[in-house]
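Welcome, and please open your viewer. This tour goes from stop to stop, telling you what to select and what you will find there.

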Amino acid sequence: MERLIGARQSYDWGSTAAIPELLGERSDGRPWAEQWYGSHASGPTGLMDRSGTLADLIAADPQRLLGEDVVRRFGSQLPFLLKLIAPEQALSLQVHPSMEQAIEGYRRENEAGLALDDPDRSYKDANHKPEMVLALTRYDAVAGFRAPRRAAEVLTGLDAVLAHRMRRTLRLNPTRFGIRQVFSELVSTGTRPTSAEIDELVCEIVARLERGGSPSRRADANAVLMARTFPGDPGVAAALLLNPVTLQPGEALFVPAGSVHAYISGLGVEIMASSDNVLRAGLTTKHVDVPSMLACVDYVAAPPVRPAPEYLSRATRAYYAPVDDFELLVTEVVPADGRVQVPGRGPRIALAVEGATTITTPAGQAELERGQALFIGADERVLAVEGDGVVVQADVP
């Protein structure tokens, strides 16, 4: 077992308080958007009891720490990335690439001579980035396109010129091609609406919220929140095409490749394939790459994917995503439970989100307080938890 020092990410959309409070640290007043635990180069995770990083440790003996099966399937790096995430304002309107798109995009930008830390780079690696977020507090987001007819209905009653234009396209072509046309026109250079058109639309939405009768109060409220941070941004209008999602603590949302989404507020645990590939089209101060983003979008309407927990025991529930890179288990124990064995295999990261627990493997024991994390190598085989708290475990199916 190795105690981990997570990598802080201070993106401007982050809460100043949520993550430091969970970690038991004093806020410094700056945004603390994410805390990373993994081996990705964009956020090196440190080791508390020795020098170097988790990536260095794994690279020195991947067969032992990852296991032969994981090395065969994913190579000699940890296949997942675990995060704490705490948006206080809307993240960018974004999408993640498939494996094929990531490989091609990474190759293309390498050949163009873009350094990995170049702010104009979209592809930081050659990996896909499916992801799942588990809410620790109420967590709001938008994810995936609504059915075209429902999207048109959300725009009903708005007299803004832009609302009329969007609604007309969707009614004339109530298919994914109509959604594609509206979305691409909203975010593309040359067809995107002006700031004045977005402002007019937001004023109409505010008035509708005040008088009542909105077809989707959550969609309207999300648009108003986004407009406060990014006034005049076409992403505000694009968000009306997406499904609003509200997670309560213990509920999860899976975001596959190609799904347009934006997180809005809350505190959660996020797990994903080990990648930092994000293609943005708006609602951000970061690099926007609309052509690359649109090339990856899946326009098929679908409800948000909300994996239900599968109870493996009284203490442990699992959240399974339809990918091979990761799974997420949550174990809640009280002293009366004694020592509870947690299913799983291969490399694991255990993160305490409540209380105080003791983690036991054949290699020994470690006390785990709220906000602390451990890496457990594949060679340690079995893991058990006891105490009074909640531990989140990331591992490989």
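Below are a few notes on reading the model, followed by the stops.

This is a predicted model, in which local features need pLDDT of at least 70 and side-chain atom pairs count only at pLDDT 80 or more, while totals for chains, interfaces and linings use all residues. Residues are numbered from 1 along each chain as its sequence is written, and side-chain values use heavy atoms, with hydrogens and water left out.

**Stop one: two helix pairs**

Select residues 161–172, which form helix 7, together with residues 176–187, which form helix 8. Helices here are DSSP runs of H or I with at least four residues, strands are runs of E with at least two, and both are numbered from the N terminus. Helix 7 and helix 8 pack at an angle of about 150°, their axes 8 Å apart. Axes are lines fitted to C-alpha atoms, for helices over the stretch in contact, and angles run from 0 to 180 degrees between N-to-C directions. Helix 7 and helix 8 are therefore roughly antiparallel; that label applies over 145 degrees, with under 35 counting as roughly parallel, 65 to 115 as roughly perpendicular and the rest as oblique.

Now show the side chains: L162, M166, T169 and L170 of helix 7 meet G178, I179, Q181, V182 and L186 of helix 8. Contact means heavy atoms within 4.5 Å. By class, this contact of helix 7 with helix 8 has six nonpolar, three polar and no charged residues. Ala, Val, Leu, Ile, Met, Phe, Trp, Tyr, Cys and Pro count as nonpolar, Asp, Glu, Lys and Arg as charged, and the others, Gly among them, as polar.

Move on to helix 9 (residues 195–211) and helix 10 (residues 217–229), which pack at about 135° with axes 10 Å apart. Helix 9 and helix 10 are therefore oblique to each other. From helix 9, V202, I205, V206, R208 and L209 make the contact, and from helix 10, R217, D220, A221, A223, V224 and A227. The residues of this contact of helix 9 with helix 10 divide into eight nonpolar, no polar and three charged.

**Stop two: S188**

Select S188 in the loop between helix 8 and helix 9. Is S188 buried or exposed? With 16% relative accessibility, S188 counts as buried; buried means under 20% relative accessible area, exposed over 50%, and partly exposed in between (1.4 Å probe, protein chains only). The S188 side chain reaches the backbone oxygen of S184 at 2.6 Å. Leaving aside neighbours within four places in sequence, S188 is in contact with V290 and L294.

**Stop three: K129**

Next comes K129, in the loop between helix 5 (99–111) and strand 7 (131–135). K129 is buried, at a relative accessible area of 4%. Not counting residues up to four places away in sequence, K129 touches K83, H96, P97, M272, A273, S275, N277 and V278.

**Stop four: two positive phi values**

L283 sits in the loop between strand 13 (279–282) and helix 12 (290–296). L283 is not a glycine, yet its phi is positive, about 55°. At 1% relative accessibility, L283 counts as buried.

R381 lies in the loop between strand 20 (373–376) and strand 21 (383–395). Its phi is near 65°, again positive in a residue other than glycine. R381 is exposed, with a relative accessible area of 57%.

**Last stop: E21**

Finish at E21 in helix 1 (residues 18–23). E21 is exposed, with a relative accessible area of 56%. Which distance separates E21 and G371 in space? Their C-alpha atoms are 8.8 Å apart, although E21 and G371 are 350 residues apart in sequence.

Terms used:
Polar contact = N/O pair within 3.5 Å; in protein donor to acceptor, adjacent residues only side chain to side chain.
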